[in-house]
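Reader: Could you walk me through this model, one feature at a time? I would like the general idea first and then the case in hand.

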Amino acid sequence: MSKGNNKSVMKIENLQAKIGDKQILKGLNLELEAGKVHAIMGPNGAGKSTLSKAIVGHYDIEILGGDITYKDKSILEMEAEERALEGIFLSFQHPVEIPGVNNAYFLRTALNAKLKHQGKDELNAAEFLRLMKGHLEMLGMKSDMISRSLNEGFSGGEKKRNEILQMLTLEPEVIILDEIDSGLDIDALRAVSEGINKMKDGKRTFLVITHYSRILDYIEPDYIHVLKDGKVIKTAGPELVPYLEEHGYDGIEED
Amino acid sequence: MNLITLKNKSREEIATLLDVKERDSLVEKFATLGLPNKKTEEYHYFDVEKLLDVDYKTLNYIPKAIEEGDKIEIIDGVVTKAPKGMRVYSEPCESIDMDHFDSLYYLGHLLSPRIIRIEVDGDCHVEILHKYTQSDALINYRIVISNQANRHTTMYENFEAEDIHNTLVLYGYDMHVAQDSTLRMVKLQVMHDNKYSMVASHKVNVAKNANVLLKNFDFGGDQSLQVLKVELGEHASIEAGHLLYLNENSKRGTASQIIHRGEHSTSKQEAKNILDGQARGIFDALIRVEHSARFTKAEQSAKSILLHEKAYMASKPQLEIYIDELEASHGATTGQLDEKQLFYLQSRGISYIEARKILVIAFANTLIEQVKDTRHQDRIKSAFEAVFYASNKG
Amino acid sequence: MANEGLDKAVSGEYALGFEIDIETDIIEPGLDADTLAFISKKKEEPEWMLELRIKALKKWETMTEPHWAHLDYEPIDYQSISYYAAPKEMIDSLDEVDPKILEAYEKLGISLDEQKQLAGVKVAVDAVVDSVSVKTTYSAELEKHGVIFCSISEAIRDYPELIKKYMFSVVPMADNYFAALNSAVFTDGTFVYIPKGVRCPMELSTYFRINATNTGQFERTLIIADEGSYVSYNEGCSAPTRDEHQLHAAVVELIILKDAEIKYSTIQNWYPGDETGKGGIYNFVTKRAICEGENAKVSWTQVETGSAITWKYPSCILKGDNSVGEFYSVAVTTLAQQADTGTKMIHIGKNTKSTIISKGISAMKGQNTYRGLVKINASAVGARNYSECDSLLIGSECGAHTFPYLESKDTQGQIEHEATTSKISDEQLFYLRQRGITEEDAVSMIVHGFCKQVFSQLPMEYAVEAKALLELTLEGSVG
């Protein structure tokens, strides 16, 4: 990375990946600095979502070459759940509905899996509910949201808040927010941003994937990476945002 | 001839009774399946034995010279007219499905060693008129319909009967829908006064990338069962619609099997049944997704309304699935006209009868309006209204 | 997707396949009038019962085994089955149960010791091993409320009037092939009578255990809920792991009088056989309830995870006006299991209502069929039915089939039937895994979610058991 000698938490080198028959990532390089907010911007079809899927080990992705290292270890051979337990979290662009699976039950199972992985004691139901209460209030979520089926019948905003609720609960270290602002009204956007900002403690690292710069008014990025045709073509500071707004992605010169 | 004499007979006896030679495999299929009765799944709600157990007079099926006309006209199983340039032949059947579930499919082929073959050429509209003029007769004939690759054809099937009575028609087609083509078959059959009964046993093969649309409009009284088997190849699709509007002592309906063989094949089957008088409606429809048919989509729905306390609806929407890579669903409802809607219309000054008509037509319209040709759509609508007024004489 | 993970997730081992090491008193295989006389004598039955058995046998001999179901199995040789087997100790001391049996029941999670049960969650148990009831708990306490809870053999001796009046009244002797066989050779089972206006003070249950080799189990259960009464009854079952198939052909009759209610839950966990179809129980069961009086209500809940073959259609005859029938079912077929199960709702009375919720899960080579009849007679003015039949497929070699029969003769009746077939979506699985949940746990979580509507119908303690059982059936981990 261009600036300083700060510690990198994740390093993506020459990553090539395809979905189906189509190669999307064509030698992507990216380094995430621990504790910073990285925004990935780029036109539709540049490979933004593919990048996030590749990091979490989504079944759609076939890696053709390159590597992703997290805390100095390659994660490409790791199962999706291992990556999650190691602290990588993806807030999905379209969270799936799972009928009949109680939201609280799901979240407690996930949390206890994580605690167990860390060698800590699991939470009992009462402790868990107490933890939930605080989070729900902060996100402006009704308490019945956690007794409903996971994402079933949730509105777009409710689904996104539920993603952030999971993030707050699982306390991951690398947080990927895939189009977190899509389909959110202003109140939801504010609540979601508040949740995200609460997690910004100088240690956690954020990868904010977005098509529009709106969300960046709420979550201040440290770095902007412009993704185009499967590669990062430019890395700059937040000063790039107004430029992009004015000129779009076409005017960007490669680093 | 009385067809019930074929019940529980050996192959040799059947061959002798039907006077057939060298069609051993067909005779064997028929003997194995046996003459249908109440216990036969697809005839469970249709009293077929009673229809078979009658002494019918038999007819001759000697091909006649075909006159030129605006449609294909088949009188008592013999082609009399056809549009100019239409290729219609009388010849032995070369493509019989040796794995059909219906024994009357085989009986039909045994009784009619020569079939009527219609080769549809190019993109066109064809009308087939079936006419019956003989009383107390067994009228048996079969058609083979084939089209060409990449072509889009619409066929209209209509049925007329003179002032006859107690005739039984055993009919059916083998349809071959060529690759990348579309074939639409719109059938309108209005029956009443016990002129004839019918069992139609069809087989439809839908080749790769081909689409078939079967739209049936079965109105009125009497007895008729359509037995249908459809096989879908890769990326093939079927859209089947069945509208039943029955009155009097009618027993009519469809017993069908749609079999997905190819990957990415789709089926959509929709039945709407309106039962008045002492009518019995039958919708016994199976969609089977074979192991080879990954990424299939199958959808089935049956909605029925009963308008009379003696009316009866038997619905059996069935899914038989041997693979997990698919989407399949079915739904069925049986109910009646909505009291609140009826009252609402009446409160606006519409008579009870008219209000009923409006609601009944509204229920049926989703199917009727799928017939795009306005002339044919109007014909179906007026036939529908005729049945309505016959059953609602105040 | 990682297929090994899924396969592992759906091929759980059968945990209850142990054998109870006791001596068994067993008769030679074969079935004729002498067999019936032997059984009848063992049970100290009155003469009229033997006559009924012989009558049933004669009818059975004229019938043929039905094959309309979507099931494929080896022919059953009825003469090679032994029709009576009982733990030997029983004969010497009627009051003392062999400690080995008590121990076995503890192992199955069922306490036959009244003292050991926690206060507040009393469950009365009738424990049936092979052909005999070895112990019925809480009978004395129930008697204070006028509730009769005993083995059917005792009931034949002690309450002949009730038996004569109600046995064969819902499932006639020759109703079907397997019911006729049962009527001739039935050995034990449970009898329950809840008197007028009594709400049964505890859950009643029967636990059936097949233990002897080469036997069949032919139990018969009869429950009568008199006017205004209520009872919740549960049955469970298991069998040792064996290479041969064993036959289980039971009959259950429920009679619900005016304003009464029976809630009948089953957790069926007979040995399912292995993945090649070797071994396992053939389960051919006839269960039927009649709502005789007005406002009567019956609710069948079943969780079917075991058996090589399941052929079972718990039905409701809704005769009384405003009576209600419910059927909630989860059927799991994995390994090489086949299930053809569903219900019949026969609407006769006015404003009768029925609900059907069926959840079928097929994995590995399992074949799962829902077959259900909803019949609304012309007399059932204003009858209503709602059915929902969903199938979940796991893997590409299994099958799910839905065969509803909907017959309506009532202009004011309403039937609604919905069915869907789907697989566990990759997307759902991935979502859970991204939150750190293992693939196995994710599958079981999704499956539980799919079954939720049915599990919520079970009494609390059984819901927990059902959930655990489903996990066992569908997960690799034992214990």
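Reader: Which chains share the most contacts?

Author: Contact means heavy atoms within 4.5 Å. Of the 2 pairs of chains in contact, B and C share the most contacts. Chains A and B, by contrast, do not touch, and 16 Å separates their nearest C-alpha atoms.

Reader: Before we go on, what should I keep in mind about the model and its labels?

Author: This is a predicted model, in which local features need pLDDT of at least 70 and side-chain atom pairs count only at pLDDT 80 or more, while totals for chains, interfaces and linings use all residues. Residues are numbered from 1 along each chain as its sequence is written, chains are lettered from A and ligands numbered from 1 in the order in which they are written, and side-chain values use heavy atoms, with hydrogens and water left out.

Reader: How many helices and strands does chain B have?

Author: Helices (H or I, at least four residues) and strands (E, at least two) are DSSP runs, numbered from the N terminus. Chain B has 7 helices and 21 strands.

Reader: What does the radius of gyration say about chain B?

Author: The radius is taken over C-alpha atoms, and the globule rule is 2.2 Å times the number of residues to the power 0.38. For 394 residues a compact globule would come out near 21 Å, and chain B agrees with its 21 Å. Its C-alpha trace spans about 70 × 50 × 45 Å along the principal axes. Of the contacts in chain B with a separation of 6 or more, 82% join residues 24 or more positions apart.

Reader: How much of chain B is buried?

Author: Buried means under 20% relative accessible area, exposed over 50%, and partly exposed in between (1.4 Å probe, protein chains only). In chain B, 58% of the 394 residues count as buried.

Reader: Where does strand β18 of chain B sit, and how does it pair with β20(B)?

Author: Two strands pair if DSSP finds at least two bridges between them. Strand β18(B), residues 280-289, has 9 of its 10 residues buried, so it is largely enclosed by the rest of the structure. Strand β16(B), residues 251-260, runs parallel to β18(B) and is joined to it by 10 bridges; here I259(B) stands opposite R288(B). Strand β20(B), residues 312-321, also pairs with β18(B) in the parallel sense, over 10 bridges, and R280(B) has Y312(B) as its bridge partner.

Reader: What does the hairpin of β3(C) and β4(C) look like?

Author: Strand β3(C), residues 123-129, pairs with β4(C) in the antiparallel sense over 4 bridges, with V128(C) partnered by S133(C). There are 2 residues between the strands, and D130(C) takes a positive phi near 50°. Strand β4(C), residues 132-136, is mostly covered, with 4 of its 5 residues buried.

Reader: What is the strand order of the open sheet in chain A?

Author: The order of its 4 strands is β2-β1-β4-β5, with antiparallel pairing. Its edge strands, each pairing on one side only, are β2 (22-33) and β5 (73-74). Strand β4(A), residues 61-70, pairs with β5(A) over 2 bridges, and T69(A) has S74(A) as its bridge partner.

Reader: Why does L189(A) count as buried?

Author: L189(A) counts as buried because its relative accessibility is 0%. L189(A) lies in helix α6(A), residues 186-199. Leaving aside neighbours within four places in sequence, L189(A) is in contact with D181(A), L184(A), R214(A), I215(A) and Y218(A).
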